[in-house]
Each structure stands twice: as C-alpha cells, then as structure tokens.
Amino acid sequence: MNRSLLSRAITRILLKFSIYDLVPAYDFVQNVVENHLHQYLKRDKEKITTIYIVGGYRGHEIYKLLSNYPNCHITVFEPSDRYKTVLEQKFRNEPRVEVVKVAVSDHVGTAKFFETNLKGSGSLLPVGHLARRPDEVAS
C-alpha cells in the first residue's frame, strides 16, 4: 500500500470520530485548564498566585498546576472525609497546597454534605436513592 493511500485511509477513519471519542470530555477539558488557565485569565504564568479548587477529589490536577504556575498557592476545598484525608497525605510536604474541609455554597452556615456511591461525587443537595452510599440509612 503506498503512503498516499494509507494516509487517506487513516484520515477517513479519524474524521469519523470526534475528539471526545479519543479523549473523554472531562480529561480533555481538564487538560485545557491545566495547561492554558493563564491564557483564559490573560495573565503571565508567573503572575498566577492563587488557585482555588472546589471539590478536590484526589487532586490529580494539582501537580500539573504547581508545575505550570510556579508562584501559585492552591487552596483545595474538599468536604468529604474520604478525599480530604487522601489530599492531606498526598500534599503534606507541599507548602503551596492547603486542603480545607468545607463545601462551597452561596449561603453562610452549616449544612449536611451528602456522600454518594460515585467516586469523587458528593453534594449539598440531597441525593436520590440510586446514588446513596450503602452505609447510609434511607430517609
């Protein structure tokens, strides 16, 4: 098979797929944010000094953000004990990362945080029976 024919065949195959077929949408968006946040904010990388992450889960993006934005301090808001502990252990020797056990809301006060059976998912809003964790008593 000559190179031109092979090239056309590969192009036809690739045109049938969306970028989201090749890279999951969440990973695509996450990669764009990690690498281009400064462009969206119209700032030099060195001038990014504070980043807030609401819902840190396991903090997969934090190392990349620290690397890309050398002068930033990252505050991670993580209300779930499941993930707060993981984050604290993972970044215990990183002075530019602070983990805070709170949920972010438009109201000041105390609220119940609902854990779900989905990894990295929780909410201040009550969850339906399909998303409840098995250890929670149905109310």
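What follows is a set of questions and answers on this predicted model.

Me: How are the rings of Y52 and F77 arranged: stacked or edge-to-face?
Reply: Their centres lie 5.9 Å apart. The planes meet at 25°, and planes under 30 degrees apart count as stacked. So the pair is stacked.

Me: How many residues apart in sequence are the parts that Y52 and F77 tie together?
Reply: Y52 lies in strand β1, residues 50-54. F77 lies in strand β2, residues 73-77. The pair therefore ties together parts whose separation in sequence is 25 residues.

Me: Is F77 buried or exposed?
Reply: The relative accessibility of F77 is 17%. The cut-off for buried is under 20%. F77 therefore counts as buried.

Me: What kind of aromatic pair do Y57 and Y83 form?
Reply: The distance is 4.8 Å centre to centre. The angle between the planes is 70°, and over 60 counts as edge-to-face. The pair is edge-to-face.

Me: Is Y83 buried or exposed?
Reply: Y83 lies in helix α5, residues 81-90. Its relative accessible area is 6%, and under 20% means buried. Y83 is buried.

Me: Which strands stand at the edges of the sheet?
Reply: Three strands form an open sheet, with parallel pairing, in the order β1-β2-β3. An edge strand here has a single partner, so one side of it is left without a neighbour in the sheet. The edge strands are β1 and β3.

Me: Which residue in β3 stands opposite T75?
Reply: β2 and β3 run parallel and are joined by four bridges. The residue opposite T75 is E98.

Definitions and conventions: Residues are numbered from 1 along each chain as its sequence is written. This is a predicted model: local features need pLDDT of at least 70, side-chain atom pairs count only at pLDDT 80 or more; totals for chains, interfaces and linings use all residues. Side-chain values use heavy atoms; hydrogens and water are left out. Rings of Phe, Tyr and Trp (its six-membered ring) pair if their centres lie within 6.5 Å; planes under 30 degrees apart count as stacked, over 60 as edge-to-face and the rest as tilted. Helices (H or I, at least four residues) and strands (E, at least two) are DSSP runs, numbered from the N terminus. Buried means under 20% relative accessible area, exposed over 50%, partly exposed in between (1.4 Å probe, protein chains only). Two strands pair if DSSP finds at least two bridges between them.
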